[in-house]
Amino acid sequence: REEGDDDREEGDDDDEGDRKQTKAAPSADDQVPGEEASATASASKVTAASSDPVSGKQADIESEQYRSATSAEGQKAEAEEPLDPTLAMDELLDFCFFAAIKALKNEELPLLVATFYGQYVQAQCPSDHTLNIKRTSYKKLGVYLDKMVSEGVVGLKKDPEKPGIQRVSVIHRKSSAFREYSPPERLAVARSKEENTAASHVPNTSLITLYYAPTVPTAPVFSEVVNHKKGNVYTAKEATEILWEYTRVKELDTASDKRLICLDDVLACALLPARERHAFKRDNLPPTMFKKDFVLKFVDSLSQYYMITRDGKQVLQKGALAPLQVLVEPRQGGRKHVTHLTGLEAFGIDPKEAKKEMSSFAASATLRPVESAAGAKKGHLEVQVQGDQSKAILALFTSEKYGLQPSHIQITVRGGGGAKKKKKR
């Protein structure tokens with residue numbers, strides 16, 4: 001019995017060892033089903049990512065996109081970094097200067113340096129920039145022009161009789177500096193956008209601009225300062241600038257009384273009546289005039305022109321601009337009226353178009369040749385509408401579409417007795 005008990009104890013010890021060994025190293029059959037699925041899925045993902053060429057390509061694309069975005073952000077940050085103000089102004093001056101000489105025609109030369117800079121160089125400056133020569137590294141226009149002369153871009157000519165007066169006399173278009181100049185992209189893009197916008201914009205309204213042309217007595221003033229040719233017209237501002245430049249060239253601002261300006265023979269003949277000129281001559285005094293009256297009299301002595309711009313077309317007319325004539329006539333003893341409209345052609349307005357517009361508020365509208373009307377010309381047409389349509393016509397042609405001012409429209413009502421009277425507006 002003791003031997004049998006010993007055998008049973010040994011068997012129990014062996015079973016306990018086997019259980020411990022099984023616990024320490026479980027077999028694949030003993031793994032939990034959920035854990036087995038997770039491990040298998042992870043392994044399959046790794047294998048698929050490494051073996052599937054499409055997934056690998058997608059990963060490369062995403063990586064390339066990230067690198068491109070990072071590079072673009074870096075370039076954008078560099079582009080947004082502000083330029084040195086002086087360097088930026090130097091670039092702007094170069095840009096405007098070369099754009100101006102490229103646009104200039106040889107027939108327009110020679111030009112006063114002041115005129116060249118004010119009317120040509122400044123005109124090339126993009127609207128969102130301001131060109132200031134004093135903020136460049138050159139500080140003065142003369143220094144910059146001397147540089148352009150040394151590089152062979154332009155030639156300057158001094159006036160032997162007027163010290164300090166220079167003119168741009170020639171543009172060397174074959175020079176290396178002229179041909180090799182490349183504008184900064186930011187300025188070229190800005191200017192190109194403005195030109196494209198201006199080219200694509202067709203105004204829908206009538207733009208009326210007043211211009212002036214020199215008369216025979218004042219022509220020498222213009223010829224002295226600018227390369228004036230017959231047919232050239234100027235705004236009031238341009239004419240005033242030319243006048244003051246003429247007084248500077250002729251050194252006329254020498255009166256002891258600073259309120260006065262001295263007049264040479266040209267200005268005296270143009271601005272003073274004959275008896276005043278004789279009075280100055282009799283008293284052996286140089287002719288003078290108050291500066292406050294000087295400019296006004298000069299501008300008033302010029303011939304007036306009106307530039308009518310509509311739908312991209314321009315018409316230049318000499319003399320006073322005749323207003324639209326609206327005549328309201330009574331019919332049947334004043335119980336009915338007919339309205340006549342003439343003078344549309346002077347404002348670049350097609351009478352057929354006007355008739356169509358007026359048909360929207362009048363019972364009937366017809367066209368007929370003009371017989372006798374103030375300012376009417378042969379071949380012009382009159383629009384005739386039923387009823388007193390004076391208020392509707394005024395509202396139509398002062399609207400945004402036509403853009404006329406009330407002063408451009410004269411309304412007259414003819415009474416039963418045939419007398420005319422202007423209708424209040």
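Is C269 buried, partly exposed or exposed? With a relative accessibility of 49%, C269 counts as partly exposed. Keep in mind that you are looking at a predicted model, so every value here is computed from that model.

**The chain as a whole**

Let's step back for a moment. The chain is built with 15 helices and 14 strands. It has 425 residues, and 32% of them count as buried. If you take the contacts between residues at least 6 apart in sequence, 60% of these join residues at least 24 apart. The chain exposes about 27400 Å², and carbon and sulfur atoms supply 51% of that area.

**Cysteines and helix α4**

Back to cysteines. How many disulfides does the chain have? The count comes to zero. A disulfide would need the two sulfur atoms within 2.5 Å. C96 is buried, with a relative accessible area of 0%, whereas C269 is partly exposed at 49%.

C96 is also one of the buried residues of helix α4, among them M89, L92, L93, F95, F97, F98 and I101. Two aspartates, D90 and D94, are on that buried list too. The helix covers residues 85-103, which makes 19 residues. From its first C-alpha to its last, α4 reaches 27 Å, close to the 27 Å expected at 1.5 Å a residue.

**Helix α10 and what follows**

The buried residues here are A239, T240, I242, L243, E245, Y246, T247 and V249. What do they pack against? Their partners are β1 (111-112), α9 (219-225), β5 (260-262), α11 (265-271) and α13 (291-300).

After α10 comes E251, with a positive phi near 55°. Most residues other than glycine have a negative phi. E251 sits in the loop between α10 and β5, and it is exposed, with a relative accessible area of 60%. N284 also has a positive phi, near 60°, and is not a glycine either. You'll find N284 in the loop between α12 (274-282) and β6 (288-290), where it is exposed, at a relative accessible area of 69%.

**A three-stranded open sheet**

Now for some strands. Three of them form an open sheet in the order β4-β7-β8, with antiparallel pairing. β4 (207-213) and β8 (313-318) stand at the edges with a single partner strand each, so one side of each has no neighbour in the sheet. On average, neighbouring strands of this sheet are turned by 25° against each other, direction ignored.

Strand β7 (residues 303-310) pairs with β8 over six bridges. One spot to look at is T309, whose bridge partner in β8 is Q314. K313 is also found in β8 and counts as exposed, at 62% relative accessibility. Along the chain, K313 and G348 are 35 residues apart, but their C-alpha atoms are separated by 7.9 Å.

**Strand β10 and its two partners**

Is it largely enclosed or largely open? Five of its seven residues are buried, so β10 is largely enclosed by the rest of the structure.

β10 runs antiparallel to β9 (residues 324-331) and to β12 (residues 381-386). β9 and β10 form a hairpin with four residues between them, and Q332 in the turn has a positive phi of about 55°.

| Strand pair | Bridges | Facing residues |
|---|---|---|
| β7 and β8 | six | T309 and Q314 |
| β9 and β10 | seven | V326 and L341 |
| β10 and β12 | four | V338 and Q386 |

Notes: Residues numbered from 1 in each chain as written. Predicted model: local features only at pLDDT ≥ 70, side-chain atom pairs only at ≥ 80, totals over all residues. Heavy atoms only, no water. Pairing = 2+ DSSP bridges. Axes fitted to C-alpha atoms, helices over the stretch in contact; angles between N-to-C directions. Buried < 20%, exposed > 50% of the residue type's maximum accessible area, 1.4 Å probe, protein only. Contact = heavy atoms within 4.5 Å. Areas by Shrake-Rupley, 256 points an atom, 1.4 Å probe, with all protein chains shown as cover. Expected span 1.5 Å × (residues − 1).
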